Amino acid sequence: MSLISNTIRLSVLSAAAFIITSCTVVVDEGPVRPMPPRPDRPQMCTQQYEPVCAVRGDRQRTFGNACTARAEGWRPIHPGECRRRPPQSERPDRLNRVCTREYAPVCARRGNRIRTFGNACSARAQDFRVLHRGECR
């Protein structure tokens, strides 16, 4: 009886192995298709408030964030609101500006230069534009 049961077991295992090895999966993906082009403007924007100044042609406009500006066809040029700089003759003389020495750090920018100042008055006195409260990262 044991010889017959071993023979049956061997036959069943052989048949199972044959069935398993004969199963082959072929994936035919067809010809390689190029990906669709990416849209040049975002499809959807978040609503976080990180104002940017954007430009289109010779006009400037402030947007709530860069994504919103791009979605409407504008090019963001710098963080923060757009500001019209008064002509040099209308600017207050920064040498005559008196600032307190209170410590309320701000991060400010002038051109490509970003720097931390002890307070906003000190930054403006050196013709820097305040970007945000706190030290620059």
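A salt bridge here is a side-chain nitrogen of Lys or Arg within 4 Å of a carboxyl oxygen of Asp or Glu. Arg129 has none, even though it is buried, meaning under 20% relative accessible area, where exposed is over 50% and partly exposed lies in between (1.4 Å probe, protein chains only). This is a predicted model, so to speak of local features we need pLDDT of at least 70, and side-chain atom pairs count only at pLDDT 80 or more, while totals for chains, interfaces and linings use all residues. Residues are numbered from 1 along each chain as its sequence is written, and side-chain values use heavy atoms, with hydrogens and water left out.

- Three strands form an open sheet in the order 5-4-6, with antiparallel pairing; strands are DSSP E runs of at least two residues and helices are H or I runs of at least four, numbered from the N terminus.
- Strand 5 (113–117) and strand 6 (129–133) sit at the edges with a single partner strand each, so one side of each has no neighbour in the sheet.
- On average, neighbouring strands are turned by 30 degrees against each other, direction ignored; the axes are lines fitted to C-alpha atoms.
- Strand 4 (residues 106–110) pairs with strand 6 over four bridges, in the antiparallel sense; pairing takes at least two DSSP bridges between two strands.
- Across that pairing, Val106 is opposite Arg133 of strand 6.

- Arg129 belongs to strand 6, and its nearest side chain of opposite charge is Glu81, 8.7 Å away; Lys and Arg count as positive, Asp and Glu as negative, and His and the chain ends are not counted.
- What does the side chain of Arg129 reach at 3.3 Å? That is the backbone oxygen of Pro79.
- Leaving out residues up to four places away in sequence, Arg129 touches His78, Pro79, Gly80, Arg83, Cys107, Ala108 and Arg109, with contact meaning heavy atoms within 4.5 Å.
- His78, in strand 3, is partly exposed at 21% relative accessibility.

**The one salt bridge**
- The count comes to one salt bridge, where the side chains of Arg61 and Glu72 meet at 3.5 Å, N to O.
- Arg61 is in strand 2 (residues 59–63) and Glu72 in the loop between helix 2 (66–71) and strand 3 (75–79), so the pair ties together parts eleven residues apart in sequence.
- Arg61 is partly exposed at 37% relative accessibility, and Glu72 is partly exposed at 40%.

Terms used:
Axes are lines fitted to C-alpha atoms, for helices over the stretch in contact, and angles run from 0 to 180 degrees between N-to-C directions. A polar contact is a pair of N or O atoms within 3.5 Å; within protein, one must be able to donate a hydrogen and the other to accept it, and residues adjacent in sequence count only if both atoms are side-chain atoms.
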